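Please view the sequence and the structure together before reading on.

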Amino acid sequence: MAAHAARKKPLLLHPSCKPVLFMLLLLPLAYLVIAAATDSLGANPAEALIRRSGDWTLRLLCATLAITPLRVLLKQPALARFRRMLGVATFGYALLHFVCYAVLDQGLDLAVILKDIAKRPFILVGTAALLLMAPLALTSFNRAIKALGAPRWQQLHQSIYAIALLALLHFFWMKAGKNDFGEWSIYAGVIATLLGWRVWEARRRVLPAAASSLSG
């Protein structure tokens with residue numbers, strides 16, 4: 001009977017799913033390390049590392065935001081168990097993005113970095129997004145949820161929506177210098193869809209409750 005029950009367990013609940021996801025999340029980092037070590041990043045490896053780590057930050061941010069809509073629409077509650085890992089990975093690549101900028105572009109000169117952040121708006125909003133992500137990554141553990149309490153923890157983690165908008169603005173201003181908005185438009189469309197679904201879902205839940213209270 002126990003073996004039969006194990007066979008019926010949903011695939012997304014299999015113990016190997018999280019390790020597999022963890023390995024998949026490390027693949028972009030492994031590629032960047034190998035490409036840097038073999039001098040395969042093109043004529044400007046520093047810029048390539050900064051840009052590609054930023055690209056992966058946006059991709060993983062979209063993946064993190066997609067978990068809840070997919071969980072609801074596909075009726076797969078087990079998807080929620082991967083959200084925190086994706087969120088922490090998003091912060092990891094965002095931190096790598098900033099470290100590459102600070103070390104490779106600014107020579108890790110703190111005074112120069114602070115001056116550059118204050119002078120260039122797209123770096124300012126990118127840094128703000130990273131700073132907002134840090135508390136989310138640091139509290140993405142069961143012990144932190146218990147310490148904060150579920151309501152406060154959920155309220156804190158709602159800042160992911162502001163982070164997504166700041167990340168989009170960061171990418172927009174970066175692309176504006178080259179008047180190249182094609183790639184940005186894709187990310188903007190994906191994030192707008194994911195946030196728009198949340199607004200629609202919230203309204204769908206609130207309107208029947210409001211109608212019920214009025215009729216009562």
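In this predicted model, the side chains of Lys-178 and Glu-47 form a salt bridge, with an N to O distance of 3.9 Å. Because Lys-178 belongs to the loop between α9 (160-176) and α10 (182-215) while Glu-47 belongs to helix α3, the pair ties together parts that lie 131 residues apart in sequence. Across the whole structure, a search finds seven salt bridges.

**Packing of α2 and α3**

- The axes of helix α2 (residues 17-37) and helix α3 (residues 45-73) come within 11 Å and cross at roughly 175 degrees, which means that α2 runs roughly antiparallel to α3.
- On the α2 side the contact is made by Leu-25, Pro-28, Tyr-31, Leu-32 and Ala-36, and on the α3 side by Leu-49, Arg-52, Ser-53, Trp-56 and Leu-60.

**Course of α3**

- Helix α3 has 29 residues and spans 41 Å from its first C-alpha to its last, which is close to the 42 Å expected at 1.5 Å a residue.
- At Ala-66, α3 bends by about 35 degrees, and a proline, Pro-69, follows within four residues.
- After α3 comes Lys-75, whose phi is positive, near 55 degrees.

Conventions
Residues are numbered from 1 along each chain as its sequence is written. This is a predicted model: local features need pLDDT of at least 70, side-chain atom pairs count only at pLDDT 80 or more; totals for chains, interfaces and linings use all residues. Side-chain values use heavy atoms; hydrogens and water are left out. Axes are lines fitted to C-alpha atoms, for helices over the stretch in contact, and angles run from 0 to 180 degrees between N-to-C directions. Helices (H or I, at least four residues) and strands (E, at least two) are DSSP runs, numbered from the N terminus. Angles under 35 degrees count as roughly parallel, over 145 as roughly antiparallel, 65 to 115 as roughly perpendicular and the rest as oblique. Contact means heavy atoms within 4.5 Å. The expected span of a helix is 1.5 Å times one less than its number of residues. The bend at a residue is the angle between axes fitted to the seven residues ending there and the seven starting there. A salt bridge is a side-chain nitrogen of Lys or Arg within 4 Å of a carboxyl oxygen of Asp or Glu.
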